[in-house]
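Open the model in your viewer and keep the sequence panel beside it. The stops below say what to select and what is found there.

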Amino acid sequence: MSMDLSEFLDVFLEECFEGLEVMESGLLNLDAGTDLEEVNTIFRAAHSIKGGSAAFGFNHISEFTHVMETLLDQLRSGKRPVDQGSVDLLLASVDVLREMVEGLKTDEAPDDDRVAGLRKKLEAVIASELESGEASPEPAGTCRDTESPGSEGPVRHWRIRLVPGKEMFREGNDPLALIRELKKLGELTVETRADGLPALAGLDPASCHLSWEARLTTAAGEDEIREIFAWLGEEAVVEIASGEASGHGREAQAGPEEAVTEPAAPASDVESKGTGTPPPVPEPESPPEPGKPATKKANGLKAVKSPANRESGSIRVSIEKVDLLINLVGELVITQSMLNQVGADILQEGGPRAEALLNGLAQLERNTRELQENVLQIRMLPISFAFNRFPRLVRDISNSLGKKVELVLTGEQTEVDKTVLEKIGDPLVHLVRNALDHGLETPEARRAAGKAEQGRLELSAQHESGNIVIRISDDGAGLNREKILRKAIEKGLVSEKDELSDERIDNLIFQPGFSTADKVSDLSGRGVGMDVVKRNINDLGGTVNIHSEPGKGSTVTIRLPLTLAILDGQLARVGGETYILPLISIVESLQIKPGNAKSVTGCGEVYRFRGEYIPIIRLDRLFGVRGATEDLYKGLLVVVETEGRHTGLFVDALLGQQQVVIKSLETNYRQLEGVSGATILGDGQVALILDIPGLVQLFHRQIHRPAELAAVS
Amino acid sequence: MTTSNAFKIDSDLQAELGANQYLTFFLGGEEYGVNILKVQEIKGWTDVTPMPNTPDPVLGVINLRGTVVPIVELRSYFNLPKAARGATTVIIVVKVEDGRGGTRTLGMVVDSVSEVHNIPGDEIQPPPIGEENDRGVIEGLATVGERMIILLDIDDLMINGVLGLARKTAEIHE
């Protein structure tokens, strides 16, 4: 029965990456305190990767994983204490393994020398200082090599009952193969039970109706026997009982106790389903209730393979399908708001059915909104997907810099759109590196400053008024404002006469080409970074700013929309046009008080806002719209914030706020400066969504000099 | 598999039938033609949302059943005098290939549509060099009855002329 495995390759790869992540995070936890269950988790992840890669014929992976597994097994059995050396080595191995798995996708062969080198190191550790010397590794690649405690025990008799369940063949398992594996362990007699066999008419040849009972005489331990059945599906019932003296029997049952916490279906249910009739349970000399705990353990092994899948009942769906759904719901929202407008017109005309129509429309609106919220929810993932890499990153970087850092992650379960999540990863890495490199001081410097030697780096995420806010704070030295200002004057970004607020100075580091690092390091200091970070975040429709206190540390705050598909917008009228301003960037909308707006040569008009002079952008002039309000006192000024500075947008009137579905202009046209996209309003008209940072840049270019308005005050 | 095959047969058939068919329209008294396979639909004049800082011929965007579609004023593109929108003014929506494997949907405003002509390839003459309106977007000239029809390479006009996107020249004539 040969099967084309290629279609499962993607699933396998994904499971590999998941396994690698489990291993990595598990290994990082080993640093702190050692729980053997943690080692077990890592071991099982490695084991799954080994089994999977062997099934696909990726021998280089299975062989390498095998060596890792041997070391892990020593750790989990307590034969070897968990120490820094082995954890580091295993982490390095996880990296290599990840490269190997990635290599499968790209058809690139990993660096053989590195793999071989690492493997030698692993083998050296495995062979080293084990008093008993019993763990001499078997030839790699075989499938039953994980020695467990008791595997070298005395020869014992085992009774094994296997009720594989109807699905066995469909899951790709072969009972004969299992029995052959068993036979390799020792002397074996097998009896087939056909009492579950239905009448010929009801027989489904693709289902397994048989069960088996085996007696095995072997020196192998229970774990080793159990491993043979590790790949059986959830339905399968495997009972293993020691047929020897009761002392041994208890020992064998001690194992299942650990696994009792694992979720598992009640054994009895599974049994009756599996065979059709209540099966005779052969349990000579075995301790009470052997079936239950044993079954749980069998399921426990399986549960580890996909705990998330089974508990939450999740399915894998391609992102295209979800996006199509989101688009369709977007259309529905637009149609619904069109209908609402028509409904409002009809109500004005009156008529007996108008009321009923309106009720129906209100219902439709509610349902549409709920549908949209829930559909968008599909794309939401917890931010932990982006945060997960940081424990490792911080550990590696702080080690290489000789700094002591405690990383604190909070709000990891905060959910955010997948696209946002993917695109925020790199900026976050950069900011964390920056904080480690420039923010936090060396232990000596910290001691001298009267702080604890260990620095603290905190990453937090939370929802705030429809946005996600990510903060990266350190308790380091804070920004050196003098140095920043000097550099900014040197670069001509500000002039010497300018009096800048502390906040403005701090946020100068987001300007292009800005780096105050005295020397260029591996990590940061090349001056390409903070501006890229800012641009990436702006591209996502978000904002970033930094707040710093000298000697106490800095906090970078990133504010992002929850999703890129819809936007909370403020509708504004300019002449005959309607524009949409992202609510995220609006600080305040106000009427200009006479005397507060002035015209400054070369800068255009300015407005005094909270003691600061801000430029006024007349949208009608910038966009060439006719028929807009000319008199500043008759329209409205919408104060927006971008890059830590305020700007006033002058509009005729505000029309209301609504969630709009974002449509890209690039689909059929191209990107426009100052416009981030378009949407379709309830009346069917297209309205442009303003890109505030782009708009401000466009404005500054048009008046040909940076509006450093502090100078005129 | 079967659906894409069916689709292929369908589009082959269409190509065979429509390859030589041109939709003609009037613009400033001249008759122009575009390959009918490029035409997605013809719709009446609707209000356009202007876009800031775009070239003059780009009037703005409209909502075409949920898609945001840019609208090009063809008179302005050909430097013809402006004309009032009349009862016959229509928007021809075309689907053009952007030369990168994608397509874009744009609309063009014309004075009025005329008819559909069958013009075999050997009846199309190359445009005379130095022609006033020659911007490299003219596929050729054809004569139907006594009338001359200017056949436009609409892919080139929209992608290079209007959008300013680079396009492989090899693909222009199909």
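The tour goes from whole chains to the interface and then to single residues.

**Before you start**

This is a predicted model, in which local features need pLDDT of at least 70, side-chain atom pairs count only at pLDDT 80 or more, and totals for chains, interfaces and linings use all residues. Residues are numbered from 1 along each chain as its sequence is written, chains are lettered from A and ligands numbered from 1 in the order in which they are written, and side-chain values use heavy atoms, with hydrogens and water left out.

**Stop 1: chain A**

Chain A has 22 helices and 22 strands; helices (H or I, at least four residues) and strands (E, at least two) are DSSP runs, numbered from the N terminus. Of its 713 residues, 47% are buried. Buried means under 20% relative accessible area, exposed means over 50%, and partly exposed lies in between (1.4 Å probe, protein chains only).

Next, look at how the chain meets itself. A contact means heavy atoms within 4.5 Å. Taking the contacts in chain A between residues at least 6 apart in sequence, 71% join residues at least 24 apart.

Switch to a surface view. Chain A exposes about 34,700 Å², and 51% of that comes from carbon and sulfur atoms. Accessible areas come from the Shrake-Rupley method with a 1.4 Å probe; for residues, only the protein chains shown count as cover.

**Stop 2: chain B**

Now select chain B, with 3 helices and 10 strands. Followed from the N terminus, its elements run α-β-β-β-β-β-α-β-β-β-β-β-α. Chain B has 174 residues, and 45% of them are buried. Of the contacts in chain B with a separation of 6 or more, 54% are between residues 24 or more positions apart. Chain B exposes about 9,000 Å², with carbon and sulfur atoms supplying 52% of it.

**Stop 3: where the chains meet**

Show both chains and select the residues in contact across them. The contact takes 25 residues from chain B and 21 residues from chain A. Together the chains bury about 1,900 Å², 56% of it on carbon and sulfur atoms; buried area is the accessible area (1.4 Å probe) that two parts lose on being put together, summed over both.

On the chain B side, pick out strand 4 (58-64), strand 5 (67-73) and strand 7 (103-110): each supplies at least two residues of the side that touches chain A. By class, that side of chain B has 13 nonpolar, 9 polar and 3 charged residues. Ala, Val, Leu, Ile, Met, Phe, Trp, Tyr, Cys and Pro count as nonpolar, Asp, Glu, Lys and Arg as charged, and the others, Gly among them, as polar.

How many salt bridges does the rule find across the interface of chain B and chain A? The rule finds 0, where a salt bridge is a side-chain nitrogen of Lys or Arg within 4 Å of a carboxyl oxygen of Asp or Glu.

**Stop 4: A:T65**

Go to helix 3 (residues 59-76) of chain A and select A:T65. A:T65 is buried, with a relative accessible area of 0%. Its side chain reaches the backbone oxygen of A:I61 at 2.5 Å. Beyond its neighbours within four places in sequence, A:T65 is in contact with A:A46, A:I49, A:K50 and A:L97.

**Stop 5**

Select A:L182 in helix 6 (residues 175-185) of chain A. A:L182 is buried at 3% relative accessible area. Residues that A:L182 touches, leaving out those up to four places away in sequence, include A:I160, A:L216 and A:F229.

Then move to A:H209, in the loop between strand 2 (186-193) and strand 3 (211-218) of chain A. A:H209 is buried, with a relative accessible area of 11%. The C-alpha atoms of A:H209 and A:P164 are 8.4 Å apart, though 45 residues separate them along the chain.

**Stop 6: two positive phi angles**

Most residues other than glycine have a negative phi. A:R610 is not a glycine, yet has a positive phi of about 50 degrees. Find A:R610 in the loop between strand 16 (604-609) and strand 17 (612-618) of chain A, where A:R610 counts as exposed at 58% relative accessibility.

Finish at B:N79, with a positive phi near 60 degrees. B:N79 lies in the loop between helix 2 (74-77) and strand 6 (90-97) of chain B. Is B:N79 buried or exposed? At 60% relative accessibility, B:N79 counts as exposed.

Technical notes:
Polar contact = N/O pair within 3.5 Å; in protein donor to acceptor, adjacent residues only side chain to side chain.
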